[in-house]
Amino acid sequence: MPFDGGHCKRRYTETKYFYKMKDFIDQAKKNGINLLDKGNCQFCGAQFQKGIFECMENYNKGLEHIDFNHSENHIYRFLSVDAHALQHPEIHGRWSNHFHLTRLNLILEKNINWDYKTSPLLSNYLNVYKEGRPNEFLNLPKALIRGTITTKEFIEVRTTEECVKLIKKWAEEVYIAWKENHSIVSQIADGFLNKKDNQHLIHRKTTTR
Ligand SMILES: [Zn+2]
């Protein structure tokens with residue numbers, strides 16, 4: 001089952017980290033990618049010894065400093081999931097990349113106050129959107145040129161403030177690395193925001209974080 005399945009799965013990915021090891025191995029195989037278990041991460045360049053496998057294992061390290069019992073902190077979960085997913089697009093279904101990049105556009109550029117209720121709405125929107133677009137692919141930025149911040153940097157983080165700052169920068173860097181696709185996801189985001197059923201459920205931020 002690819003990552004871009006139903007929103008139950010997506011909820012799981014955001015609360016508990018992505019998905020099981022087998023899922024990303026299967027997805028890489030489907031994309032014709034050979035996963036390397038030695039050296040730096042082949043996708044983001046993080047300096048590890050066991051490649052992508054260590055990159056995945058370390059994903060949660062920095063997040064341990066954030067208290068996700070407070071809903072105002074949930075945004076950092078969304079941003080970090082999006083940043084990591086988009087630094088490793090070859091181990092996701094192609095529509096997952098649409099999801100994560102569109103969400104970054106909505107959060108970073110359109111100031112949407114994202115929460116757990118909004119993710120399934122976007123997922124549902126994309127499920128309809130993709131039906132008429134069998135040939136729509138995003139242009140993946142070249143591996144290793146997807147932002148300088150990686151999971152490795154989070155190992156050194158000691159405080160909540162440091163972590164929050166790093167996550168924001170991470171998401172921004174990765175978003176910029178995908179700039180070739182900004183116009184397409186911006187249009188998807190507009191369609192999503194303009195959908196009548198969504199309008200009363202989605203809110204823009206009133207204050208800066
Ligand atoms: Zn990596």
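Which residues have the most contacts inside the largest nonpolar core?

1. This is a predicted model. Its largest nonpolar core has 32 residues, and those with the most contacts inside it are Leu79, Ile107, Leu166, Ile167, Trp170, Ala171 and Val174. At least two residues of this core come from each of α4 (74-87), α5, α6, α8 (160-177) and α9 (182-194). Nonpolar side chains tend to be buried together in soluble globular proteins.

2. Leu79 is one of the residues with the most contacts inside that core. Leaving aside its neighbours within four places in sequence, Leu79 is in contact with Ile107, Ile167, Lys168 and Ala171.

3. Another core lies apart from the largest one and has 8 residues. Among them are Cys41, Phe43, Cys44 and Ala46.

4. Two backbone angles deserve a look. Most residues other than glycine have a negative phi. Asn111, which is not a glycine, has a positive phi, near 55 degrees. Asn111 lies in the loop between α5 (94-109) and α6 (118-129). Asn111 counts as partly exposed because 13 C-beta neighbours lie inside 10 Å, and a residue is exposed at 12 or fewer and buried at 20 or more.

5. Leu144 also has a positive phi, of about 75 degrees, and is not a glycine. Leu144 lies in the loop between α6 and α7 (151-154). With 15 other C-beta atoms within 10 Å, Leu144 is partly exposed.

Notes
Residues numbered from 1 in each chain as written. Predicted model: local features only at pLDDT ≥ 70, side-chain atom pairs only at ≥ 80, totals over all residues. Helix = DSSP H or I, 4+ residues; strand = E, 2+ residues; numbered from the N terminus. Core = buried A, V, L, I, M, F, W, Y, C linked by C-beta atoms within 7 Å. Contact = placed C-beta atoms within 7 Å.
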